[in-house]
Amino acid sequence: MSKIGFARVSTVHQDLSDQIERLEKNGCDRIFSGKHPGKADANKEALAELLDYVRDGDTVVVTKLDRFGRSLSQVLVHIEALKEKGVNLIALDQSIDTASDNPMDKAMIHLLGM
């Protein structure tokens with residue numbers, strides 16, 4: 001059971017270092033990252049690598065929920081893919097942990113994803 005980080009920025013002028021530092025401080029064993037502004041396919045590849053890498057019992061950690069996808073529907077699809085593999089998601093800034101199965105966390109995912 002590992003903590004796996006995912007960091008993503010969506011513009012050339014944004015920097016991944018703050019996200020990566022926070023993920024490391026939160027015990028992530030490995031961090032996948034994407035800095036591919038305007039290149040949806042490249043971002044999909046980074047996320048696909050993460051989804052392929054994680055195993056049952058792992059936890060994916062992001063600093064913010066919106067780092068896990070470009071739209072609410074994309075975030076929800078990725079969360080469902082993790083759940084199917086037995087993997088949890090933690091969003092640090094929103095204090096969301098899908099392992100808790102708390103209805104308020106589910107509601108927050110939908111609200112924050114918008």
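Guide: Gladly, and a definition comes first: a helix here is a DSSP run of H or I with at least four residues, and helices are numbered from the N terminus. Helix α3 covers residues 72–84, and isoleucine 79 has its place there. Please keep in mind that this is a predicted model.

Visitor: What makes isoleucine 79 count as buried or exposed?

Guide: Buried means under 20% relative accessible area. Isoleucine 79 has 7% relative accessibility, so it counts as buried.

Visitor: Which other residues of α3 are buried?

Guide: The buried residues of α3 are Val75, His78, Ile79 and Leu82. They cover an arc of only 100° around the axis, so they sit on the same side of α3.

Visitor: How do you know whether the end-to-end span of α3 agrees with what its 13 residues should give?

Guide: We set one value against the other. At 1.5 Å a residue, the 13 residues of α3 should span 18 Å, and its end C-alpha atoms are 18 Å apart, so the two agree. Just after α3 comes glycine 86, which takes a positive phi of about 80°.

Visitor: Let us turn to the strands. What makes β1 largely enclosed?

Guide: Strand β1 spans residues 3–9, and six of its seven residues are buried, so the rest of the structure largely encloses it.

Visitor: How do you know that β1 and β3 pair?

Guide: Two strands pair if DSSP finds at least two bridges between them. β1 and β3 (residues 59–62) have three bridges, in the parallel sense. Lysine 3 stands opposite threonine 59 in β3. β3 also pairs with β4 in the parallel sense, over four bridges, and valine 62 stands opposite alanine 91 in β4.

Visitor: What covers the picture for the two faces of β3?

Guide: Thr59 and Val61 on one side are buried, and so are Val60 and Val62 on the other, which leaves both faces covered. In a regular strand the side chains alternate between the two faces of the sheet.

Visitor: Why does threonine 59 count as buried?

Guide: The cut-off is under 20%, and threonine 59 comes in at 14% relative accessibility, so it counts as buried. Not counting residues up to four places away in sequence, threonine 59 touches Ser2, Lys3, Ile4, Val87, Asn88 and Ile90.

Visitor: Where is glycine 34, and what is its relative accessibility?

Guide: Glycine 34 lies in strand β2 (residues 30–35). At 0% relative accessibility, glycine 34 counts as buried. The C-alpha atoms of glycine 34 and valine 9 are separated by 6.5 Å, and these residues are 25 apart along the chain.

Visitor: What does the side chain of glutamine 19 lie close enough to for a polar contact?

Guide: A polar contact needs N or O atoms within 3.5 Å. A polar atom of the glutamine 19 side chain lies 3.0 Å from the backbone oxygen of arginine 8. Glutamine 19 is in helix α1 (residues 17–25), and at 10% relative accessibility it counts as buried. Leaving aside neighbours within four places in sequence, glutamine 19 is in contact with Phe6, Ala7, Arg8, Val9, Thr63 and Arg67.

Visitor: How does the whole chain read?

Guide: Along the sequence, the pattern is β-α-β-α-β-α-β-β-α, with four helices and five strands. Buried residues make up 37% of the 114 residues.

Note on methods. Residues numbered from 1 in each chain as written. Predicted model: local features only at pLDDT ≥ 70, side-chain atom pairs only at ≥ 80, totals over all residues. Heavy atoms only, no water. Buried < 20%, exposed > 50% of the residue type's maximum accessible area, 1.4 Å probe, protein only. Polar contact = N/O pair within 3.5 Å; in protein donor to acceptor, adjacent residues only side chain to side chain. Contact = heavy atoms within 4.5 Å. Expected span 1.5 Å × (residues − 1). Arc of directions from axis to C-beta.
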